[in-house]
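Here's a quick briefing to read with the model open in your viewer.

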Amino acid sequence: MELICKMLHTMTDKIENFQFPTLVELPVIESGAEGLLGVVEISKHCHFYVKRHYYIMSGDFSSERGRHAHKALKQFFVCLAGEVTVHLEGEREKFCFELKSAKQGIYVPPGYWRDITMSPNSVLSVLASEEYDENDYIRDYNEFRVWLDHNKSVKVPYNAIDRCHKELEYAFQAIFDETLKVNELIQGTAVKRFESDFSAYCDVSNAIGCANGLDALILILKAMEIGTGDEVIVPANSFIATALAVENCGATSVFVDCDPFTYLIDVNQIESAITSKTRAIIPVHLYGIPADMDVILKIADKHGLYVIEDAAQAHGATYKGRKVGSIGHAAAFSFYPTKNLGALGDSGCVVTNDNLIANKVRLLGNYGCKKKYNYEIKGVNSRLDTIQASILSVKLKYLDDWNAKRRELAQIYFNRLANISGLVLPQCYDESVPVWHVFPILVESGVRDNLLKYLHEAGIGTNIHYPIPIHKSKAYSCHLSLSYSEKYSEMIFSLPLDPFHTVQEINIVCDVLERYFKSHECSIK
């Protein structure tokens with residue numbers, strides 16, 4: 001599997017070069033009287049998983065074929081006999097390729113009108129990414145131009161996870177094939193490899209895969225023997241899983257308001273929330289912005305408390321040169337598909353430098369046993385499966401590059417939106433490097449609904465993180481007043497930001513926001 005992962009990494013580096021029709025040199029072995037052997041390798045030449053192969057023959061006379069386009073189908077052409085000329089037309093560009101032998105092939109992405117001319121007795125071999133689907137064809141040229149115009153209309157999705165998965169499609173298929181071949185479906189070599197790689201990435205000595213991010217928090221709390229009668233301090237401005245983990249262990253969440261500038265837990269309010277029952281603090285590196293860990297650790301050390309990092313949105317972020325996850329006593333990560341490091345389903349991980357916590361977490365997550373049927377404690381079933389671990393191993397190789405792209409795109413927002421009256425941008429603590437899982441902004445609560453409608457009508461995707469503070473949700477309904485968390489829940493929303501968004505798309509979002517605020521008088525109070 002390690003060799004396969006290296007091959008996949010090399011292969012996906014090349015995929016970015018296949019956004020346009022491409023002439024590809026193919027290896028051919030000539031054996032004199034025996035003829036020749038030509039080869040098309042998926043990982044080196046056509047770069048998509050082949051679901052169909054067909055061939056076209058011209059007969060005794062020259063013929064013209066094609067005269068259609070595909071909306072989603074990818075194809076790879078190889079001329080096995082005769083000569084074939086392929087004319088391709090996209091939105092703005094045109095290509096012409098001549099195939100005179102099997103020594104070259106043509107990669108054809110979707111969205112191109114094609115006209116094919118074949119000399120007498122020609123044979124054109126076609127590899128296709130999908131099975132036959134008449135709905136994927138556009139057979140009228142004028143309809144094709146209309147389809148292109150419609151597709152280029154301004155639409156910026158909130159996230160572009162589908163683009164990531166399309167780019168890594170072949171890599172994922174290779175993982176599925178290898179998993180079936182090896183037949184290790186739960187835990188096994190692939191899981192151990194990912195745990196080793198992720199612990200090294202986080203600069204910790206232990207990483208234990210589990211079913212999801214919520215389970216990661218629960219396992220940590222249980223490993224620390226936090227339960228009934230205990231209290232855990234959590235921020236009110238977070239996803240509800242942060243608090244649910246506490247209650248699932250029988251303990252009680254004590255909510256603290258958010259900082260007015262970073263939207264993270266307000267470190268100035270933590271100490272006043274500590275009681276004789278307090279056992280731990282869970283700072284959340286929300287939106288991919290590291291919490292102020294030095295202050296939190298100092299408070300925890302003073303009162304003898306555990307610090308559990310909720311790093312579900314902060315894979316790869318650093319605080320004063322240290323990776324999040326390596327700073328507290330233990331940390332929980334989620335690999336939900338939309339995370340900076342996401343699987344193809346739910347999965348999570350606990351990381352820690354404390355071997356006792358690590359061993360207890362691993363025991364708890366595997367029914368309470370190290371050896372099958374030898375149950376040492378009452379545990380649960382919360383394990384990382386082989387396929388998800390293998391997918392995460394492939395994606396981990398790109399995480400730093402993807403995070404750098406997120407920061408590049410976030411900087412466009414900072415540069416272009418900083419001077420807009422009526423809009424407030426997030427801030428970070430000194431010497432921290434965020435990874436911008438989410439890019440949140442603030443506007444007046446009365447403005448937000450109109451602005452979201454305006455963005456939606458302009459084709460801009462948005463989200464709200466979060467519309468209801470945890471302590472005000474029906475699940476908790478606390479009679480606690482936390483002014484900033486409550487106020488910001490009516491003002492905050494998130495802009496598109498994903499490593500597969502383009503600079504052009506982020507600038508389009510900025511253009512739309514600028515138009516809105518130029519035509520409306522808004523201000524933050």
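Two cavities of 30 Å³ or more turn up in the structure. A cavity here is a set of points on a 1 Å grid, over the protein atoms alone, where a 1.4 Å probe fits but cannot get out, and a volume is the space filled by probe spheres set on the points, which are joined across faces, edges and corners. Keep in mind that this is a predicted model: local features need pLDDT of at least 70, side-chain atom pairs count only at pLDDT 80 or more, and totals for chains, interfaces and linings use all residues. Residues are numbered from 1 along each chain as its sequence is written, and side-chain values use heavy atoms, with hydrogens and water left out.

**Cavity and pocket**

- The largest cavity holds about 120 Å³ of space.
- Its lining comes to 15 residues, with Pro-337, Lys-339, Asn-340, Arg-406 and Asp-498 nearest the centre; lining residues have an atom within 4 Å of a point.
- Helices α4 and α13 (399–417) each give at least two residues to the lining of the largest cavity; helices (H or I, at least four residues) and strands (E, at least two) are DSSP runs, numbered from the N terminus.
- The second largest pocket has about 620 Å³ of space; a pocket is an open set with protein on both sides within 12 Å along at least five of seven lines.
- That second largest pocket is lined by 34 residues, and nearest its centre sit Phe-239, Gln-313, Tyr-336, Lys-339 and Tyr-466.

- Most residues other than glycine have a negative phi, and most peptide bonds are trans.
- His-465 and Tyr-466 are joined by a cis peptide bond, with omega about 10°.
- Tyr-466 sits in the loop between α14 (445–457) and α15 (483–488).
- Asn-121 isn't a glycine, yet its phi is positive at about 60°; look for Asn-121 in the loop between β10 (113–118) and β11 (123–128).
- With a relative accessible area of 49%, Asn-121 is partly exposed (buried means under 20%, exposed over 50%, partly exposed in between, using a 1.4 Å probe and protein chains only).
- Tyr-373 also has a positive phi, near 70°, and lies in the loop between β22 (369–371) and β23 (374–375).
- Tyr-373 counts as exposed, at 62% relative accessibility.

**Around Pro-157**

- Pro-157 is in the loop between α3 (141–151) and α4 (161–167), and is partly exposed at 29% relative accessible area.
- Its C-alpha is 9.9 Å from that of His-456, which is 299 residues away along the chain.
- Beyond its neighbours within four places in sequence, Pro-157 touches Arg-163, Gly-461, Pro-496, His-501 and Glu-505; contact means heavy atoms within 4.5 Å.

**The whole protein**

- The protein has 16 helices and 26 strands, and its C-alpha trace spans about 90 × 65 × 35 Å along the principal axes.
- Of the 525 residues, 53% are buried.
- Among contacts with a separation of 6 or more, 74% link residues 24 or more positions apart.
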